[in-house]
Amino acid sequence: RQSCRQPAGHRAGPEPGSGGLPEGVEYIPTRKKGKNPMKPVGVAWYSLYSRTRLGYLFYQRQVKKARERYPQGHSAPQPCCFPGVKILPIPVLSNNYSYLVIDTGSSRAAVIDPSDPLAVQAAIEEEGVMLEAIFCTHKHWDHSGGNAALRQRHGSCKVYGSALDAIPELTNPLADREKVSVGCLTFEALATPGHTVGHMVYVLDRGPFGTPPCLFSGDLLFLAGCGELFEGSPETMLASLDVAVGLGEDTLLWPGHEYALECLTFAILLELDNPALEQKLQWVVQQRQEKRSTCPSTLGEEQTYNPFLRTHRPELQAALGLRQGGGEHPDAFRARVLKEVRRRKDLYKAT
């Protein structure tokens with residue numbers, strides 16, 4: 001079993017410093033050229049990837065290559081323990097995270113987005129737990145590709161997710177705000193469309209443990225970033241992000257990808273004089289130099305540097321050269337700001 005860390009104040013923040021990349025540090029993008037199947041390469045490819053067997057075959061190729069390249073995983077995560085619950089991030093593929101969430105009292109467990117079934121099964125065996133539930137945030141193979149193999153191995157395990165997404169092996173479709181118990185753990189599903197039409201996030205209730213809520217955000221929200229709008233409008237994504245923010249500042253964010261360095265390096269181009277952003281970037285640079293995971297962050301922290309959660313901030317609006325039109329609803333303007341940030345991020349090429 002892996003040892004745990006207990007978040008101190010639940011903020012893995014950096015030490016104050018001079019800002020920007022440290023001298024002599026070269027930025028290496030998290031997503032190598034051509035390695036991310038979800039990069040915007042056209043509607044036709046996205047349709048093939050998400051709806052046909054060709055996408056599954058591509059996913060299998062990605063799994064094979066990632067196992068060869070990262071035999072111990074792409075990052076060194078640290079399990080997080082609270083009284084009665086253990087959260088184990090599992091680095092899979094080239095930058096994904098699955099999460100094994102354990103009720104330590106009963107040794108019952110759930111997994112979120114089991115991309116690589118071998119890596120997830122290895123964690124289950126090492127922890128000595130019984131897998132009762134798979135919570136799938138959305139249909140993309142890099143989040144759902146391990147469902148079938150794990151279901152085959154754990155016959156009583158149920159697969160939860162939205163009926164609006166074609167999630168493999170789905171046994172228990174969930175509605176917005178529906179709750180599921182695994183041992184003493186309670187997960188609430190929240191509908192957060194935008195990345196896909198049926199995208200859902202899962203919130204681990206602080207309930208019996210007296211811990212902060214934990215948000216498993218899939219491709220809705222990353223550290224300093226958000227998912228691409230493959231099947232939703234900026235207005236839809238904005239509403240989904242607002243749902244996440246409404247969970248409270250102390251909520252721990254457990255994202256579906258290790259994109260922190262790329263996202264922060266982009267974000268600092270928009271807000272050059274943001275001390276919180278500068279500090280977080282310095283900390284993330286150090287973490288990634290050591291191949292350490294950057295999660296979790298908190299939603300309170302994210303609102304200080306994540307441009308997709310700062311659409312209401314005048315400094316970001318000014319940096320984008322956007323002004324609210326006469327009679328324009330504030331949320332309509334925020335959606336326009338989000339659209340521009342997303343457009344720039346999609347075009348961003350790290351150098």
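Angles between axes under 35 degrees count as roughly parallel, over 145 as roughly antiparallel, 65 to 115 as roughly perpendicular and the rest as oblique. This is a predicted model, in which local features need pLDDT of at least 70 and side-chain atom pairs count only at pLDDT 80 or more, while totals for chains, interfaces and linings use all residues. Residues are numbered from 1 along each chain as its sequence is written, and side-chain values use heavy atoms, with hydrogens and water left out.

Helices (H or I, at least four residues) and strands (E, at least two) are DSSP runs, numbered from the N terminus. The axes, which are lines fitted to C-alpha atoms, for helices over the stretch in contact, with angles running from 0 to 180 degrees between N-to-C directions, come within 5 Å for α1 (residues 43-51) and α2 (residues 53-69) and cross at roughly 80°; α1 and α2 are therefore roughly perpendicular to each other. In their contact (heavy atoms within 4.5 Å), W45, L48 and Y49 of α1 meet L54, G55 and F58 of α2.

Rings of Phe, Tyr and Trp (its six-membered ring) pair if their centres lie within 6.5 Å, and planes under 30 degrees apart count as stacked, over 60 as edge-to-face and the rest as tilted. The count comes to 16 aromatic pairs, and one of them is the edge-to-face pair of F222 and Y259, with 4.9 Å centre to centre and 80° between the planes.

A disulfide is a pair of cysteine sulfur atoms within 2.5 Å, and the structure holds zero disulfides. Buried means under 20% relative accessible area, exposed over 50%, and partly exposed in between (1.4 Å probe, protein chains only).

| Cysteine | Relative accessibility |
|---|---|
| C136 | 0%, buried |
| C226 | 4%, buried |
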